[in-house]
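Let's take a friendly walk through a protein model. Have a look at it first, and then we will go through some of its parts together.

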Amino acid sequence: MVQTNGHADPEALIRLDGLKKHYPVLKGIVFQKTVGVVKAVDGVSFSIPEGQTYSLVGESGCGKTTTSRQILMVEPPTEGEIYYQGTAMNKFTSEQRKDFHSSVQAVFQDPWSSLNPRMRVDAIVSEPLITHQNLTKEEVKKQVGELLEVVGLHAFHADRYPHEFSGGQRQRIAIARALSTRPKLMVLDEPVSALDVSIRAQILNLLKELQQTYNLSYLLIAHNLATVRYMSHRVGVMYLGKIIEEANPQDLFGNPLHPYTKALISASLPAHPNLQREEIVLTGEVPSPLNPPDGCTFHPRCPVAFEPCNTDIPVMQEVTPGHIVNCHLFTGAEATSSAAAAS
């Protein structure tokens, strides 16, 4: 049993080390004072190697999107570091910052709101090109046409407006825009959840093909566990701002260790209608990040909580190679029987 702070590869494309994002809660209009802190992200560590997909899953409000916003440099961390190609992002020079913004792009959940309805497709896709590269109009037009072809559209679509496309086609346009700067990392924030079920597989297959062609790394944020299982090389399960379990998808879905992970998987649709699974119903509501419980933050809802869970904060333990969990069941005296059961 090895204690660890997370599966963090120092040679990875991007690495998070103890990342925290706390928002002060202010009271008063003129003379404001801080009356509390919302711990949206509270000590997250993981890494994404080149050409691989890391997925974050968990209930709404657990800190997935806040984590991605810090990676995109939309918000600065309260504590901790984010390293991109070995360099701490808060120590970037102006040239490194410019390179980072062209190397890291995002595809958002809703293709209806992420595309400007007043801009034609050529302007939407070419905007990052014009910002980050010095190209002639002819070169821009050629690259826009090529990008549209790459994502399964046609060059003549460049003259149309977003409202003339279906949801799946709009998401392809968003992917073409993200690809325009030849990024190394793409943040995919629920990229298919707003699409019809019949279209989702097409977009996921497109993303996998692009990953293989361009050696892209993905940070995937998703609720749909089937999507996560299909796309991921590693999966992190988040609860109240912390990663409470991390493994490759085969281990995570085949042998979940944390009680919360087991509940998430039991609540999802089975891979086959005849597959029998244990039904786990969690009681109560997710605690407020403004006033999280003492000890393990999951213990008020945990069906197997015991004495240390109420008072002691668990630490990450590597139970089997590459499979880490943040749970008292795998700490100290309880670890032997739990690890035996896990294997």
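## Around Leu148

Apart from neighbours within four places in sequence, Leu148 is in contact (heavy atoms within 4.5 Å) with Val121, Val125, Leu153, His154, Ala155, His157, Ala158 and Ala176. This is a predicted model, where local features need pLDDT of at least 70 and side-chain atom pairs count only at pLDDT 80 or more, while totals for chains, interfaces and linings use all residues. Residues are numbered from 1 along each chain as its sequence is written, and side-chain values use heavy atoms, leaving out hydrogens and water.

Leu148 also belongs to the largest nonpolar core, where it is among the residues with the most contacts. Such a core is a set of buried Ala, Val, Leu, Ile, Met, Phe, Trp, Tyr and Cys residues joined through side-chain atoms within 4.5 Å; buried means under 20% relative accessible area with a 1.4 Å probe, protein chains only.

| Core | Residues in core | Some members |
|---|---|---|
| Largest | 53 residues | Val125, Leu148, Ile173 |
| Second, separate | 27 residues | Ile14, Leu219, Met238 |

Helices here are DSSP runs of H or I with at least four residues, numbered from the N terminus.

How do H3 and H5 lie? The axes of H3 (residues 121-132) and H5, lines fitted to C-alpha atoms over the stretch in contact, come within 7 Å and cross at roughly 30°. H3 and H5 are therefore roughly parallel, a label for angles under 35 degrees. Val121, Ile124, Val125 and Pro128 in H3 meet Ile173, Ala176 and Arg177 in H5.

How values were computed:
Buried < 20%, exposed > 50% of the residue type's maximum accessible area, 1.4 Å probe, protein only. Axes fitted to C-alpha atoms, helices over the stretch in contact; angles between N-to-C directions. Helix = DSSP H or I, 4+ residues; strand = E, 2+ residues; numbered from the N terminus. Parallel < 35°, antiparallel > 145°, perpendicular 65-115°, else oblique.
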